[in-house]
Amino acid sequence: MRILYLAHDLDDSAIWRRAAMLRAGGASVQAAGFRRREGPLPEPAILLGQTADARMLQRAASVARALAGLRHSLAEVQAPDVIIARNLEMLALAVRAKSFWPEALLVYEVLDIHRMMLGDGPRPRAMRALERRLMRRVGLVLTSSPGFVNEYFQPHGQTRVPIRIVENKCFYPEAALPAVPTRRPVAAPITIGWFGILRCTWSLDCLDRVTRAAPGRYRVLLRGKPALDQLPQFHATVAANPDLDFGGPYRNPEDLAGIYGQVHLSWLIDRYDAGKNSDWLLPNRLYEGCRHHAVPVALAGTEVANFLGDYGLGLTMAAPDAEEVGRRLGALSLAEVEAMRTAVAEVPTQVWTTGPEECQELTGLMAQIAAARGRRRQAAMRRKGWFTT
């Protein structure tokens, strides 16, 4: 199976993790898309243009330019069996690419529901209508959380095609999973890790206030990429608080064992899109932290809390209130933290990590849907007398 993977950000490691998963499932993958940074990519890709974070008009203009030159950009691509579009802007390009290869199965991958798609105003209604129109050519939707299905796709009637949940689990391309380092006994200070894309103003303020209220009791390690358009005070806040420590970006999966091995608790609360995307998603850090035996800290009423509740894991805050967080954390003993870590460690590894069987099942599903659509297409052509066998 040949797959053309159209990606909105080739500098996002998650793009290459998905490409590696597809290859582990037996497919060959050609990536094409936009970049947001400079420097070498992990592997060759077809560059369609340059975009920037949080600049929707600039991204729309880049997509328009890429549409105009798409046939030329993809001229050397072998006819794909499957075209995967990662988010809405790439779906517009994928529909155009499908006109070059009508037999290809079009797959729409949705890992977040952007705030511009939500609400009852003219703009979100128009965006949802555009998505529905583009999705008429789609044969399969991939998304990472049942919350997106239950709270967005079904209520808004965006599509009737099959939707497959592909969770944001850890994935290691190597045949053997790396061993999780032996846990050291929990000792003071209680260490909290907030890793990934750091863009939640409430979380930064909460962690700052909780640590200031109990100096030396907690240590908060921050790793990843702070979204400074959302957190312009990020570096100043960290510099002013000795219990906050920012260690910069990290590599996934190479650095996961090292960074999570330093923490007791993994911060999963996100209020960036409170009541919407933030409440519906199952983020990478859920699987990364639990894979490495960090205790997840979640917020009641979210999809993350529902997920953890099914396994009886973690620490759930009743409300997004810094005083409530301080009380719950302040009541924890080191023995209780150790017991919660042990409970996380006892969950089977496959809950947190994608194995080769899941990769093969995913590509097999695509092949199955593509074959079924091909049979229906041929039957329709025979009915119309376009050819005989």
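Predicted model: local features only at pLDDT ≥ 70, side-chain atom pairs only at ≥ 80, totals over all residues.
Residues are numbered from 1 along each chain as its sequence is written. Local features need pLDDT of at least 70, side-chain atom pairs count only at pLDDT 80 or more, and totals for chains, interfaces and linings use all residues, while side-chain values use heavy atoms, with hydrogens and water left out.

Start with the sheet. It is open, has seven strands and pairs in parallel, in the order S3-S2-S1-S4-S5-S6-S7. Strand S3 (46–50) and strand S7 (163–165) stand at the edges with a single partner strand each, so one side of each has no neighbour in the sheet. On average, neighbouring strands of this sheet are turned by 20° against each other, direction ignored. Strands here are DSSP runs of E with at least two residues, helices are runs of H or I with at least four, and both are numbered from the N terminus. Two strands pair if DSSP finds at least two bridges between them. Strand S1 (residues 2–7) pairs with S4 over four bridges, in the parallel sense. Ile 3 has Val 82 in S4 as its bridge partner.

Next, a helix on this sheet. H4 lies across S1, strand S2 (28–35), S3, S4 and strand S5 (105–110), and runs at about 155° to S4. Contact means heavy atoms within 4.5 Å. Axes are lines fitted to C-alpha atoms, for helices over the stretch in contact, and angles run from 0 to 180 degrees between N-to-C directions.

Now turn to H1, residues 13–24. This helix has 12 residues and reaches 17 Å from its first C-alpha to its last, close to the 16 Å expected at 1.5 Å a residue. The expected span is 1.5 Å times one less than the number of residues. At the N-terminal end, Asp 12 caps H1: a side-chain oxygen lies 2.9 Å from the backbone nitrogen of Ala 14. Nine of the 12 residues of H1 are buried, so the rest of the structure largely encloses this helix. Among them are Ile 15, Trp 16, Met 21 and Leu 22. Buried means under 20% relative accessible area (exposed is over 50%, partly exposed in between, with a 1.4 Å probe and protein chains only). Gly 26 follows H1, with a positive phi near 100°.

Some backbone spots deserve a look. Most residues other than glycine have a negative phi, and most peptide bonds are trans. Asn 87 has a positive phi, near 90°. Asn 87 sits in the loop between strand S4 (82–86) and helix H4 (88–100), and is buried at 19% relative accessible area. His 293 also has a positive phi, about 70°. The loop that holds His 293 runs between helix H11 (284–291) and strand S13 (295–299). His 293 is buried too, at 15% relative accessibility.

Then come cis peptide bonds. One joins Ala 188 and Pro 189, with omega about 0°. Pro 189 is in the loop between strand S8 (170–171) and strand S9 (190–198). Another joins Asn 252 and Pro 253, with omega about 15°. Pro 253 lies between strand S11 (244–246) and helix H9 (256–260), in a loop.

Finally, the cysteines. Cys 206 is buried, with a relative accessible area of 0%. For Cys 359, the closest cysteine sulfur is 13 Å away, in Cys 170, again too far for a bond. Cys 359 is buried at 1%.

Notes: Polar contact = N/O pair within 3.5 Å; in protein donor to acceptor, adjacent residues only side chain to side chain. Disulfide = S-S within 2.5 Å.
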